[in-house]
2 protein chains.
Amino acid sequence: MVYFAVLRLGHRPERDQRVTTHVGLTARALGAAGMYLASADKYIVEGIQDVVDRWGGDFFIKDQIKWRTCINRWKESGGIVLHLTMYGIPLQDIEELIKKSDRILIVVGAEKVPGELFGLADYNVAVTNQPHSEVAGLAVVLDHLNPTALVREFPDAKLKVIPQEHGKRTDTG
Amino acid sequence: MVYFAVLRLGHRPERDQRVTTHVGLTARALGAAGMYLASADKYIVEGIQDVVDRWGGDFFIKDQIKWRTCINRWKESGGIVLHLTMYGIPLQDIEELIKKSDRILIVVGAEKVPGELFGLADYNVAVTNQPHSEVAGLAVVLDHLNPTALVREFPDAKLKVIPQEHGKRTDTG
């Protein structure tokens, strides 16, 4: 089992709340263990915690994280740091190499990130070299690197979807 | 070559502008031909057109689209309609079936979509049955269904990334 966590940088409360929420929920749904947020934002923390409480699993969300400290500790513990950026090496060219690691911190910036990050990251990885979305990039990276991304179970869920061909059905177990 | 387009429903100007922009840019980057927007929003149209002008390719963006008409015409022309929803059938269980089609309209809602849509869609497809992000879902669906999603060329680009291991480099061809 590979252990994934996400570090979200450059989040500005108000402006980035919806996109950062999408980043966090995508991280959870596709199998990351949790998200570190390099800003203070109670709204995000509570919103994601609320999803965890209802939909299960043990995804963690921590705000007010110092990003350099987070990256340095991750590396000291033997993990690798993958920075998601349109300027990086195409995912398909290095994913086999990255898969050799069993602790991966995926760093996801908002519009601007400190230039220093490109040097601190072990891998700067692009999901296409086109401008698009950090949410999309994170989803594709997790789907490629995590064999169980689409088939995870979420224990202790109060709410669960029963997949339907046409319609909506949930089970409140 | 499979032809993909995206139909974005339920977009509310102001509230959804950033997420809808992410949907459009993800559609373009991962190989859709264009996006229909079922609302009027000049800001989205101009923003995405600006990316196309600078980064190349011929992605189209059309707003003020009537969604029922769009879906019906797509079906009449022999295409299939895939509605992305957490209530649907897991992608991995039906992707081989969907790959038999060569014209796929991917319908991406905002938070609430009309119930009618579940009946109109040929396939209701889930990227995990967990709540997360329509941007993430769209990215994973395009990556699974489109063999060239990550390796597309964008002709006539004014701006192009030269991938780097550490750093940022663009070519203004």
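Leaving aside neighbours within four places in sequence, B:Val107 is in contact with B:Leu7, B:Leu9, B:Val81, B:Leu82, B:His83, B:Leu84, B:Leu117 and B:Ala121. Contact here requires C-beta atoms, placed from the backbone, to lie within 7 Å. The model is predicted: local features need pLDDT of at least 70, side-chain atom pairs count only at pLDDT 80 or more, and totals for chains, interfaces and linings use all residues. Residues are numbered from 1 along each chain as its sequence is written, while chains are lettered from A and ligands numbered from 1 in the order in which they are written.

**Nonpolar core**

- The largest nonpolar core has 106 residues.
- A:Ile106, A:Val107, A:Leu138, B:Ile106, B:Val107 and B:Leu138 touch the most other members of this core.
- A nonpolar core is a set of buried Ala, Val, Leu, Ile, Met, Phe, Trp, Tyr and Cys residues joined through C-beta atoms within 7 Å.
- A residue is buried if 20 or more other C-beta atoms lie within 10 Å of its own, exposed if 12 or fewer, and partly exposed in between, with C-beta atoms placed from the backbone.

**Contact between chains A and B**

- Chain B gives 42 residues to the contact, and chain A gives 42 residues.
- On the side of chain B that touches chain A, at least two residues each come from helix H1 (17-29), helix H2 (42-55), strand S4 (80-90), helix H4 (91-98), helix H5 (116-120), strand S6 (123-126) and helix H6 (134-145) of chain B.
- Helices (H or I, at least four residues) and strands (E, at least two) are DSSP runs, numbered from the N terminus.
- H1(B) gives the most to that side, with six residues.
- By class, the side of chain B that touches chain A has 23 nonpolar, 14 polar and five charged residues.
- Ala, Val, Leu, Ile, Met, Phe, Trp, Tyr, Cys and Pro count as nonpolar, Asp, Glu, Lys and Arg as charged, and the others, Gly among them, as polar.

**Helix pair H1(B) and H6(B)**

- The axes of H1(B) and H6(B) come within 9 Å and cross at roughly 5°.
- H1(B) is therefore roughly parallel to H6(B).
- Axes are lines fitted to C-alpha atoms, for helices over the stretch in contact, and angles run from 0 to 180 degrees between N-to-C directions.
- Angles under 35 degrees count as roughly parallel, over 145 as roughly antiparallel, 65 to 115 as roughly perpendicular and the rest as oblique.
- From H1(B), residues B:Val19, B:His22, B:Val23, B:Thr26 and B:Ala27 meet B:Glu134, B:Val135, B:Leu138 and B:Ala139 of H6(B).
- This contact has six nonpolar, two polar and one charged residues.

**Helix pair H4(A) and H6(A)**

- Helix H4 (residues 91-98) and helix H6 (residues 134-145) of chain A have axes that come within 10 Å and cross at roughly 45°.
- That makes H4(A) oblique to H6(A).
- A:Leu91, A:Glu95 and A:Ile98 of H4(A) make the contact with A:Val140, A:Val141, A:His144 and A:Leu145 of H6(A).
- Five nonpolar, one polar and one charged residues form this contact.

**Individual residues**

- A:Thr128 is not a glycine, yet has a positive phi of about 65°.
- A:Thr128 lies in the loop between strand S6 (123-126) and H6 of chain A, and counts as buried because it has 26 C-beta neighbours inside 10 Å.
- B:Asp156 also has a positive phi, near 60°.
- B:Asp156 sits in the loop between H6 and strand S7 (160-161) of chain B, and is exposed, with 11 other C-beta atoms within 10 Å.

Definitions and conventions: Contact = placed C-beta atoms within 7 Å.
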